[in-house]
Amino acid sequence: MDVGAGDGGYVFHRARTEPETFAIAIDASPDALVSGAWRAKRAGLTNLAFLVEGVERLPQELAGVANEVTIHFPWGSLLRGLSAADPTVLSPVAMLVKPGGTLRVLLSATERDGYADVSPGWLIRLTADYAAFGLDLDQARPADPSDVAKSRSAWSKRLGPARPVVFARYSRRSSRRGLISGGTSPARHGIQSTLNRPS
Ligand SMILES: C[S@@+](CC[C@H](N)C(=O)[O-])C[C@H]1O[C@@H](n2cnc3c(N)ncnc32)[C@H](O)[C@@H]1O
């Protein structure tokens, strides 16, 4: 499941190369998703779906259906919600991920754009906030070019190579133990970080 999917290029790629995978692209705006839906129809793919809805308004029927949720280069309320660990965004994102599943994000945000300057250290500081929704941080580090290439992001090409990008991966805890009340620390979870590298 790709949230803030834009033109759905990532979902299209996964569906085309993994026939056994059912992929879902979700975006608040129909503008780009429509072109992705037409592309999928022309390709005759039946193992993907497109949902036009803001993450804040996703139906409960989607709870726990995704083995994998990805969010690549979000903007607007999706970026603000992830970079501030806002429950209105984190709760529905966590809701989508099946217990034992993963959330992978690629974030690029700077204060010049009017957002928090998101770095690996910034996400590590939010570890407990994400853990409160059952999302345990496995890794936060500067993204490398292969992370960006794998995302198939049309938007990343517009940002250019000099732009700092952060990669983070979370695991959805399989029990509800520790949700909301349970704090956590990067050290306890053996989080990998490469904070000494430029971000
Ligand atoms: C910069 S585009 C990235 C698109 C695609 N992931 C890519 O990398 O090419 C950010 C997308 O996030 C979507 N978005 C922003 N806020 C959202 C929200 N609250 N719920 C769902 N989608 C949202 C926007 O509509 C936009 O398509």
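Is A85 buried, partly exposed or exposed, judged by the other C-beta atoms within 10 Å? A85 is partly exposed, because 19 other C-beta atoms lie within 10 Å. The legends below place this residue and others in a predicted model.

**Figure 1. Overview of the predicted protein chain.** Residues are numbered from 1 along each chain as its sequence is written. As the model is predicted, local features need pLDDT of at least 70 and side-chain atom pairs count only at pLDDT 80 or more, whereas totals for chains, interfaces and linings use all residues. The secondary structure comprises eight helices and eight strands; helices (H or I, at least four residues) and strands (E, at least two) are DSSP runs, numbered from the N terminus. Of the 199 residues, 39% count as buried. A residue is buried if 20 or more other C-beta atoms lie within 10 Å of its own, exposed if 12 or fewer, and partly exposed in between, with C-beta atoms placed from the backbone. Two residues are in contact if their C-beta atoms, placed from the backbone, lie within 7 Å. Among contacts between residues at least 6 apart in sequence, 76% join residues at least 24 apart.

**Figure 2. Confidence along the chain.** The mean pLDDT (the predictor's confidence in each residue, from 0 to 100) is 88, and 87% of residues reach 70 or more. Over residues 180-199, pLDDT stays under 50. For this segment the model has 37 contacts beyond four places in sequence. Where pLDDT is low, the predicted coordinates should not be read in detail.

**Figure 3. Helix α3 and the residue that follows.** Within α3 (residues 76-83), the buried residues are L78, L79, G81, L82 and S83. Their cover includes the strands β1 (2-3), β4 (66-72) and β5 (97-107), together with helix α4 (87-96). A85 follows α3 and belongs to the loop between α3 and α4. Although A85 is not a glycine, its phi is positive, about 50°.

**Figure 4. Helix α4 and the largest nonpolar core.** Seven of the ten residues of α4 are buried, and the helix is mostly covered. These buried residues are V89, L90, P92, V93, A94, M95 and L96. The largest nonpolar core has 51 residues, of which V3, V11, V69, V93, L107, Y130 and V166 touch the most other members. The largest share of this core, six residues, comes from α4, and at least three residues are drawn from each of domain 1 (1-53) and domain 2 (62-188). A nonpolar core is here a set of buried Ala, Val, Leu, Ile, Met, Phe, Trp, Tyr and Cys residues joined through C-beta atoms within 7 Å. Domain bounds come from an automatic or database domain assignment. Beyond its neighbours within four places in sequence, V69 is in contact with M1, V3, V93, L96, V97 and L103.

**Figure 5. A66 in strand β4.** A66 is placed in strand β4 and is buried, because 24 other C-beta atoms lie within 10 Å. Its contacts, leaving aside neighbours within four places in sequence, are M1, L96, V97, K98 and G101. A66 and M1 are 65 residues apart in sequence, yet their C-alpha atoms are 6.1 Å apart.

**Figure 6. The shell around the ligand.** Of the 23 residues around the ligand, G4, G6, L78, S153 and W155 come nearest; a residue is counted if its C-beta atom, placed from the backbone, lies within 6 Å. The elements that give two or more residues to this shell are α3 and α8 (154-159). By class, the shell has eleven nonpolar, ten polar and two charged residues. In this scheme Ala, Val, Leu, Ile, Met, Phe, Trp, Tyr, Cys and Pro are nonpolar, Asp, Glu, Lys and Arg are charged, and the others, Gly among them, are polar. Domain 1 (1-53) and domain 2 (62-188) both give residues to the shell, so the ligand lies between them.

Figure 7. R152 lies in the loop between α7 (145-150) and α8. Its phi is near 55°, a positive value in a residue other than glycine. R152 is partly exposed, because 18 other C-beta atoms lie within 10 Å. G44 is found in the loop between α2 (30-43) and β3 (48-52), and counts as exposed because 7 C-beta neighbours lie inside 10 Å.
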